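Welcome! Please take a look at the sequence and the 3D structure below, and then read on for a short tour.

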Amino acid sequence: MSKTKTAYFCSNCGAQSAKWNGQCTSCGAWNTLEEEIIQKGPQKGFSGSSSHSAKPQLLSSISYDNNYRIDMHNSELNRVLGGGLVPGSLILLGGEPGIGKSTLLLQVALQLPEVTILYISGEESSQQLKIRADRIGVQNNNLYILTETIIQNILPFIEDIQPGIIIVDSIQTITTQLVESSAGSISQIRETTNELQQLAKSTNIPVFLIGHITKDGSIAGPKILEHIVDTVLQFEGDRNYGYRIVRSVKNRFGSTSELGIFEMTSVGLREVSNPSEILISQRDDSISGVAIAATIEGLRPLLIETQALVSTAVYGTPQRSATGFDLRRLNMLLAVLEKRCGFKLGTKDVFLNIAGGIRVDDPANDLSIVASILSSGEDIFIDSKDCFAAEVGLSGEIRPVVRIDQRIAEAEKMGFKRIFISRYNLKGLEQSKLKIKIIPLGKIEDMISYLFQ
Ligand code: TYD
Ligand code: MG
């Protein structure tokens with residue numbers, strides 16, 4: 001009988017160490033080393049990969065088909081993948097439980113009847129998946145469901161079915177017999193991901209891995225997972241709202257500034273190709289405290305609504321709360337308004353909300369946030385055809401922002417009549433061709449005189 005071997009793994013960075021330490025010697029995190037049983041068998045990895053070893057090749061002699069990508073029939077997903085799915089790539093889709101990861105991949109699989117797809121589910125039974133597929137309501141005769149979690153048992157089915165795409169739901173439930181620790185442990189996740197990586201590279205089958213995310217927003221399991229895979233997609237959104245954003249965090253085959261937007265409906269995820277439309281609530285002209293920001297998320301210009309409520313504080317200490325926006329930045333903007341413009345906000349409660357439940361951290365939203373706070377404080381509404389794109393500095397100056405022409409073009413497309421920007425952004429702008437009126441500002445006071453006097 002072989003002796004049980006154990007090792008210590010850092011749950012933060014995945015580094016392995018032979019003995020326990022209070023601090024990880026690799027990433028410096030404290031109390032992250034956990035003991036795990038490891039027992040390496042004689043043969044490692046996907047059986048197909050060990051049978052032929054790679055030979056050195058001249059770079060100039062390597063040919064590839066640059067244009068060949070699998071069209072996912074889903075423009076938002078194609079976009080975050082960098083124009084479609086690259087054969088042989090390993091993609092990690094991370095997100096909080098219940099956000100819609102399984103729904104997205106099952107739906108995509110259903111909508112691709114020309115590709116044989118193997119969906120390996122370690123989380124849900126085949127009946128549960130059938131119920132979900134019925135809910136999405138698309139028929140497909142080329143989709144196989146396998147509820148097996150041991151990788152050595154899965155491999156023969158892959159050789160048998162010869163799928164065009166593999167989906168693993170989730171990487172935390174899959175285990176390999178080569179490692180003896182329990183499912184979801186660091187050494188298991190690392191080993192199974194490595195094996196799936198070898199499988200993808202040796203067979204050229206693209207593999208999607210679903211991964212759960214811990215509360216602090218990182219993929220559960222070590223960071224090492226992110227190093228192994230080719231692409232990391234993050235599924236975000238507020239569960240109370242229908243909107244979901246898929247962000248590309250790492251992509252060996254495309255840009256990482258891409259963003260896909262979906263809406264969770266009763267029949268699966270709907271692609272949202274014109275996000276500005278849904279992020280602006282239909283409103284009456286005469287509501288104060290609402291302003292529209294021309295923001296950029298990733299590469300996409302979006303118009304989003306910022307809503308503020310300013311009211312007299314009931315208790316001694318005024319409350320400040322921000323949803324979808326950095327609270328410290330809100331406090332800074334309030335201090336600027338108080339100090340530079342003489343607005344007495346020190347005795348007021350201020351609540352700020354970004355409509356649609358999405359989180360933005362584009363500095364260009366400052367001006368719209370200031371405008372909505374002033375609008376609520378003064379109880380004067382802002383014209384629904386006005387929008388804003390500028391950063392506010394500590395001295396109350398209106399600072400320029402990047403890619404102003406894209407923001408202006410989106411605002412114009414959405415039918416806005418005026419856009420307030422920094423006067424330093426005017427350089428190089430061809431205003432004569434624009435239908436939207438550009439209002440250049442130097443200081444916050446300039447905006448106040450435009451809007452509230
Ligand atoms: P799910 O894909 O199971 O999330 P994850 O795999 O990320 O844990 O998504 C579950 C949520 O989505 C669940 O709360 C139900 C909801 N949902 C819909 O609103 N409409 C649908 O058509 C489907 C299939 C799920
Ligand atoms: Mg799931």
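## The largest pocket

How many nonpolar, polar and charged residues does the lining of the largest pocket have? By class there are 3 nonpolar, 5 polar and 5 charged residues (Ala, Val, Leu, Ile, Met, Phe, Trp, Tyr, Cys and Pro count as nonpolar, Asp, Glu, Lys and Arg as charged, and the others, Gly among them, as polar). The volume of this pocket is about 320 Å³. Among the 13 lining residues, Glu-236, Gly-237, Gly-357, Ile-358 and Arg-359 are the closest to its centre.

## About the model

This is a predicted model, where local features need pLDDT of at least 70, side-chain atom pairs count only at pLDDT 80 or more, and totals for chains, interfaces and linings use all residues. Residues are numbered from 1 along each chain as its sequence is written, chains are lettered from A and ligands numbered from 1 in the order in which they are written, and side-chain values use heavy atoms, with hydrogens and water left out.

## Two crossing helices

Helix 3 (residues 101-110) and helix 4 (residues 126-136) have axes that come within 10 Å and cross at roughly 65 degrees. The two helices are therefore roughly perpendicular to each other (65 to 115 degrees).

On the helix 3 side, Ser-102, Thr-103, Leu-106, Gln-107 and Leu-110 meet Leu-129, Arg-132, Ala-133 and Ile-136 of helix 4. The residues of this contact (heavy atoms within 4.5 Å) divide into 5 nonpolar, 3 polar and 1 charged.

## Two backbone details

Most residues other than glycine have a negative phi, and most peptide bonds are trans. Asp-379 is not a glycine, yet has a positive phi of about 55 degrees. The peptide bond from Asp-169 to Ser-170 is cis, with omega near 0 degrees.

How values were computed. Axes are lines fitted to C-alpha atoms, for helices over the stretch in contact, and angles run from 0 to 180 degrees between N-to-C directions. Helices (H or I, at least four residues) and strands (E, at least two) are DSSP runs, numbered from the N terminus. Angles under 35 degrees count as roughly parallel, over 145 as roughly antiparallel, 65 to 115 as roughly perpendicular and the rest as oblique. On a 1 Å grid over the protein atoms alone, a cavity is a set of points where a 1.4 Å probe fits but cannot get out, and a pocket is an open set with protein on both sides within 12 Å along at least five of seven lines; lining residues have an atom within 4 Å of a point. Grid points are joined across faces, edges and corners, and a volume is the space filled by probe spheres set on the points.
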